[in-house]
Amino acid sequence: MDQENFDFNAIKWDEVIVGVETFARKLLKSKKWFRGDNTEIYLKGKELNDYVHDAIELFWKNKEKYNPHRGTLINFINYYFLRLLIHKDSIEDENKETKDTSLYFDNDEARSDYMESILPYVEAFFDEDVDFKKIMAELEEGVNHELIVEQIFLGRSGFGLKRREIIKEFGMTESEYDNGNRRLQTIINRITSKYNIRPIKL
Amino acid sequence: MSQLSKHKSEFAKLINTDAQDTSNDFTSAKEFLTQEGVNVDRLISDGLKRIKKMQLQVEAEKNRSAMLSLDKYVDRAKEMARQLLQSPTFSFLDYLKGEQVVASFSNLQKLTDEEKLSIIEKHITLKLQKEAGESNGF
């Protein structure tokens, strides 16, 4: 979509609603290992869906900031979604550690795309005390019996590759990717559920 | 990057790419939400209502601030017009000529002071708006 031709009716809002809700749930709601285990209905006093719509509204009020060259509209709103959560977290009274969000909010424009820009925010949700080396070693062990699953795992964790990039890079079919990805999800869920990864306080 | 940060970063990339990929693929995203027990049709229909309402609120807000901004110019224009008319050297006809305001001379002769004031106020209001628009890059 051209930035210049941004009009309300040109946006596929159904895809945005489903896409951002999916991102939110994938990262937060159904994962006990992510953001603690208390996110089933409310998150800091609001439903997850409220944050999704807050992010959509924030985008709409600042739509001129969206740059299609840096990623899809859904990537951009996902990025706003996570920033809202981080910001909300940082201003909580119970947060005694630091309220400095400059680490995450500086130099956004310098990053090449929204997928990359969002990474510090995603990382910020994980506690430093967790032994990620051990988790990654277990994951590597878990995926090394199936070539396609291993390739998807390496493409993602090593290079942050997207679906189409992995398909192209490793010469697999879409169906092989989708099946492999499902198996990878099962492995990730099995391994990470053993760890009680607590949320970090900003 | 320390080893700890490296592994944490790899883990974050793994989770992020999966969440982003699925979220950008409408079919996969709907499948995922359905598996999560979400009524996707309802999610979309409720979401569209919220977005429509949001758009109307944003538009209303925009109109309200445009109105507030217009009020600001009108108040300033009134004050400037009053000061102009009070000036002993002020000539209405010279003013119109200097500002290149197009008007019919025969009609101008019949104008009351109140009507002259109103013309000057409107002219200054438009001028202030134009100047503000230009300075905002519109």
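Reply: Chain B has 6 helices and 0 strands, and reading along its sequence gives the pattern α-α-α-α-α-α. Its overall dimensions come next: the C-alpha atoms of chain B fill a box of roughly 80 × 45 × 20 Å along the principal axes. The radius of gyration of chain B is 30 Å, whereas a compact globule of 138 residues would come out near 14 Å. Of those 138 residues in chain B, 21% count as buried. Take the contacts in chain B with a separation of 6 or more: 58% of them join residues 24 or more positions apart.

Now for where the two chains meet. The contact draws 41 residues from chain A and 36 residues from chain B. On the chain A side, at least two residues each come from helix H1 (13–29), helix H2 (48–61), helix H3 (73–90), helix H6 (119–124), helix H7 (132–143) and H8. H1(A) gives the most, with 13 residues. By type, the side of chain A that touches chain B splits into 19 nonpolar, 10 polar and 12 charged residues.

H8(A) also has a partner within its own chain. Helix H8 (residues 147–159) of chain A packs against helix H10 (residues 174–192) of chain A at an angle of about 80°, and their axes are 9 Å apart. Angles of 65 to 115 degrees count as roughly perpendicular, so H8(A) and H10(A) are roughly perpendicular to each other. From H8(A), the contact uses Ile148(A), Val149(A), Ile152(A) and Phe153(A); H10(A) brings Glu176(A), Tyr177(A), Gly180(A), Asn181(A), Arg183(A) and Leu184(A). Sorted by type, the residues of this contact are 6 nonpolar, 2 polar and 2 charged.

How far can you trust all this? The mean pLDDT of chain A is 78, with 73% of its residues at 70 or more. Within chain A, confidence is highest in H8(A), at 94, and lowest in helix H4 (residues 102–105), at a mean of 48. Two stretches of chain A need a word of caution. Over residues 95–100 of chain A the pLDDT is below 50, and the model gives this stretch 9 contacts beyond near neighbours in sequence. Residues 198–202 of chain A also have a pLDDT below 50, with 21 such contacts in the model. Where pLDDT is low, the predicted coordinates should not be read in detail.

Key:
Residues numbered from 1 in each chain as written. Chains lettered and ligands numbered in written order. Predicted model: local features only at pLDDT ≥ 70, side-chain atom pairs only at ≥ 80, totals over all residues. Axes fitted to C-alpha atoms, helices over the stretch in contact; angles between N-to-C directions. Helix = DSSP H or I, 4+ residues; strand = E, 2+ residues; numbered from the N terminus. Parallel < 35°, antiparallel > 145°, perpendicular 65-115°, else oblique. Contact = placed C-beta atoms within 7 Å. Nonpolar A, V, L, I, M, F, W, Y, C, P; charged D, E, K, R; others polar. pLDDT = per-residue confidence, 0-100. Rg over C-alpha atoms; globule rule 2.2 N^0.38 Å. Buried ≥ 20, exposed ≤ 12 C-beta atoms within 10 Å, placed from the backbone.
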